[in-house]
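Subject: Handover of a structure

Dear colleague,

Please find below the structure that I am passing on to you. My notes on what was found in it follow.

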Amino acid sequence: MSRLLIALLFLFLTSEFTKAQTTTDLLNLLVQKGTITQREADSIHAEFSEKLKASENRSDSFPLAIGRLLRLSGYTQIRYQNFQEPTKNNGFVIPRARLDFQGDFSTKWGYRILIDFVGASGVNGSAPTGGALVSPELLDAFIAYKPFDFLKITVGQILMPFSQENLTQDRNLETIDRSQVVSALVARKGDVSNGLVDSIGNQNGRDIGLMVNGSLIKIDNHYLVDYYLGLVNGAGINTVDNNTYKDFVGRLILHPFKILDIGGSYYNGFDKFTSSPTINQERIRIGIEFALNYDQLSVKGEWIQGKEGDANQIVHQGWYLQGSYFLWPKHLQGVFRYDTYDPNTAKSKVQETSDYYVFGLNYFFNVWTKIQTEYSYRTENPGIHNNVFMVQLQLGF
């Protein structure tokens, strides 16, 4: 008897034999009657268990769905932060409050619209000044076409394919905040003009343009290569381009083993910065990354270097190494990260380099709802003490 007929018979018996208490009882009954072998019963039970587990995981995230045309999800983060530095105020902030609309018009066409009701100032972890209201901000708005596994074309406002931490959704971060180097060099909250570094401002790691990506060389249900190629405006989100040039961004990731990712990213642009809005200047980023995920253990790291300007080019770079382990599988996770950043390599490291030692503990109620506690020990300019303790509750649906 074929496995298909066995599975159909199993499903029929599941609905008809109400006296049996578990799926194991039903399979044992089939084995006793000689309908299937014990080996076939074990295989069917394993497949059934996997499908049941997947169904439970989906119910944990409970997104609202109207078929495949619309999947609505969202989350809110509420944070308390306590600063050692006396010039900063302790208190509660709402860094993010988002609604996510996704859908598929067919097996090849899809879309996404992501809205943050807090706006860029909330991502900075600080309340708006002067009691002003924060306008909602459009983060993602794109259409994607995927005719093959090796080819997906996305056009619109997208996450730039640079850096694994930049591409990690905010709700899935293991630490409360991103590393210094990603925040500073991938158009996020640390990407601000400060006399050392020109910037395009906080763009949430996104831009408007076209991206082509895909997976190559499949061996035993495992792709060995992922590639990303993009052409973007370089001016940021929710705005028109401010010059005629387009910026190139690319990322290549190798998967020599299922548990290991190794790769790099490259960005080359000619942009106008917030500190010099009338002049086009070179903007270059180079990044190297790795990630190891084995059972309950995760280890990852990145090194990124950035260059801005033409005549007086400034070089800045940094790296981080992060490890996490589930002390209680799926629920309790410990995290540590060492994070260093130098905004100007030409100056003394004693003056400019900042080192963060982050200790965290995360408790997951389900795949999206969690509470994070974190202490960040920071060494920056001599005489400045700005260690931070934070607690963040994330509720998702």
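In these notes, strands are DSSP runs (E) of at least two residues, numbered from the N terminus. Please keep in mind that this is a predicted model.

I begin with the surface. A nonpolar patch is formed there by L69, F105, W109, I143, I153, V155, L210, L229, L231, F248, Y266 and I286. Together these residues have about 1100 Å² of accessible area. Strands β6 and β8 each supply at least two residues of the nonpolar patch. L69, by contrast, is found in a loop, the one between β1 (64–66) and β2 (70–83).

Several of the strands concerned are paired. β5 and β6 are antiparallel partners, with six bridges, and a hairpin joins β5 to β6 through two residues. Within this pair, A144 stands opposite T154 in β6. On to the next pairing: β6 and β7 also run antiparallel, joined by eight bridges. Here V155 stands opposite L210 in β7, and both V155 and L210 belong to the nonpolar patch.

What lies nearest the centre of the second largest pocket? The residues in that position are F142, K152, T154, M211 and N213. The second largest pocket has a volume of about 760 Å³ and is lined by 30 residues. By class, the lining has ten nonpolar, ten polar and ten charged residues. Six strands, namely β3 (91–104), β4 (109–116), β5 (137–148), β6 (151–159), β7 (206–218) and β8 (223–232), each supply at least two residues of this lining.

β14 (residues 332–342) pairs with β15 (residues 354–364) in the antiparallel sense over ten bridges. β15 also pairs with β16 (residues 370–379), again antiparallel and over ten bridges. Y363 of β15 takes part in both facing pairs: L332 stands opposite Y363, and Y363 stands opposite I371 in β16.

Yours sincerely

Key: Residues are numbered from 1 along each chain as its sequence is written. This is a predicted model: local features need pLDDT of at least 70, side-chain atom pairs count only at pLDDT 80 or more; totals for chains, interfaces and linings use all residues. Side-chain values use heavy atoms; hydrogens and water are left out. Two strands pair if DSSP finds at least two bridges between them. Helices (H or I, at least four residues) and strands (E, at least two) are DSSP runs, numbered from the N terminus. On a 1 Å grid over the protein atoms alone, a cavity is a set of points where a 1.4 Å probe fits but cannot get out, and a pocket is an open set with protein on both sides within 12 Å along at least five of seven lines; lining residues have an atom within 4 Å of a point. Grid points are joined across faces, edges and corners, and a volume is the space filled by probe spheres set on the points. Ala, Val, Leu, Ile, Met, Phe, Trp, Tyr, Cys and Pro count as nonpolar, Asp, Glu, Lys and Arg as charged, and the others, Gly among them, as polar. Patches are made of residues with over 30% relative accessible area and no salt bridge: like charges are joined within 9 Å, nonpolar side chains (Val, Leu, Ile, Met, Phe, Trp, Tyr) within 5 Å. Accessible areas come from the Shrake-Rupley method with a 1.4 Å probe; for residues, only the protein chains shown count as cover. A salt bridge is a side-chain nitrogen of Lys or Arg within 4 Å of a carboxyl oxygen of Asp or Glu.
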